[in-house]
Amino acid sequence: MIAIVDYGIGNLRSVENALDLLGIDSIITDDKEKILNSDGIILPGVGAFPDAIDNIRKHGIDKILEKAVMEDKPLLGICLGMQLLFEESEEGELSKGLGFLKGKIRPLKTNLKVPHMGWNNLKFYKDSKILRGIDEGSYVYFVHSYYAEVGEEGILNAYAEYGVIVPGVVSKGNIFGMQFHPEKSGDVGLKMLKNFGEMIK
């Protein structure tokens, strides 16, 4: 069972529907015990970083996620959910993130249109279990105005180019992040979600 964390901000139903399509059991919940007792966790997110991290801390979900990570439970952050995994964000006022991954969330500064919205292809940097069966150059669907400036070696798995290098897939141990929306990325995104689901069996 995968717990899709409900902290008041996120694309919860679309992620649940994608997992349903794959035959992967999931539950949308903010219940701490259900999150801790799950086999894997998805942290979705749409919106502003400061609001999201405030909600997470207000409900004590940060402590639950810390405990789950310490127990080696697979954790997947999607879009804003991926950004929350990093140390801090410059969106609005400087905000501290969950700090599971080293790096900072910065505004996209490019001559291209912001937000970065639509299909873009992934270039591979380092193998990851989440990318198993995915071809380099596959297109996925992005919607974001901020991106992760990675602050440690070895966690970048795939990236897109949009005036700057945009980390698309990151991972460290049992922690995974996708800047794009796998649930909106057709068969490619579904395959990545399936890969995540297979990690928890």
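Reader: Leaving aside its neighbours within four places in sequence, with which residues is Cys79 in contact?

Author: Please keep in mind that this is a predicted model. Beyond the neighbours within four places in sequence, Cys79 is in contact with Gly45, Val143, Met178, Gln179, Phe180 and His181. Cys79 itself sits in the loop between β4 (75-78) and α5 (80-83).

Reader: Is Cys79 buried or exposed?

Author: The cut-off for buried is under 20% relative accessible area. Cys79 is buried because its relative accessible area is 6%.

Reader: Which residues does the record annotate as the active site?

Author: An unreviewed UniProt entry places the feature "active site" at Cys79, His181 and Glu183. These residues are spread over 105 residues of sequence, yet they cluster in space, with a largest C-alpha distance of 10.8 Å. Such an annotation may be inferred rather than shown by experiment.

Reader: Where is Glu183 placed, and what does its side chain join?

Author: Glu183 lies in the loop between β14 (175-178) and α6 (186-199). The side chains of Glu183 and His181 are joined by a polar contact of 2.9 Å. With a relative accessible area of 14%, Glu183 is therefore buried. Not counting residues up to four places away in sequence, Glu183 touches Asn11, Ser14, Val15, Ala18, Ile78 and Leu193.

Reader: Which residues surround Leu98, leaving aside its neighbours within four places in sequence?

Author: Leu98 is in contact with Leu43, Ile53, Ile56, Asp62, Leu65, Leu84, Leu85 and Phe86, once those sequence neighbours are set aside.

Reader: Which residues of helix α3 are buried, and what covers them?

Author: An α-helix has 3.6 residues a turn, so residues three or four places apart point the same way. In α3 (residues 49-58) the buried residues are Phe49, Pro50, Ala52, Ile53, Asn55 and Ile56. Their cover includes β3 (40-43), α4, α5, β5 (86-89), β6 (95-96) and β7 (101-107). Just after α3, Gly60 takes a positive phi of about 70 degrees.

Technical notes:
Residues are numbered from 1 along each chain as its sequence is written. This is a predicted model: local features need pLDDT of at least 70, side-chain atom pairs count only at pLDDT 80 or more; totals for chains, interfaces and linings use all residues. Side-chain values use heavy atoms; hydrogens and water are left out. Helices (H or I, at least four residues) and strands (E, at least two) are DSSP runs, numbered from the N terminus. Buried means under 20% relative accessible area, exposed over 50%, partly exposed in between (1.4 Å probe, protein chains only). Contact means heavy atoms within 4.5 Å. A polar contact is a pair of N or O atoms within 3.5 Å; within protein, one must be able to donate a hydrogen and the other to accept it, and residues adjacent in sequence count only if both atoms are side-chain atoms.
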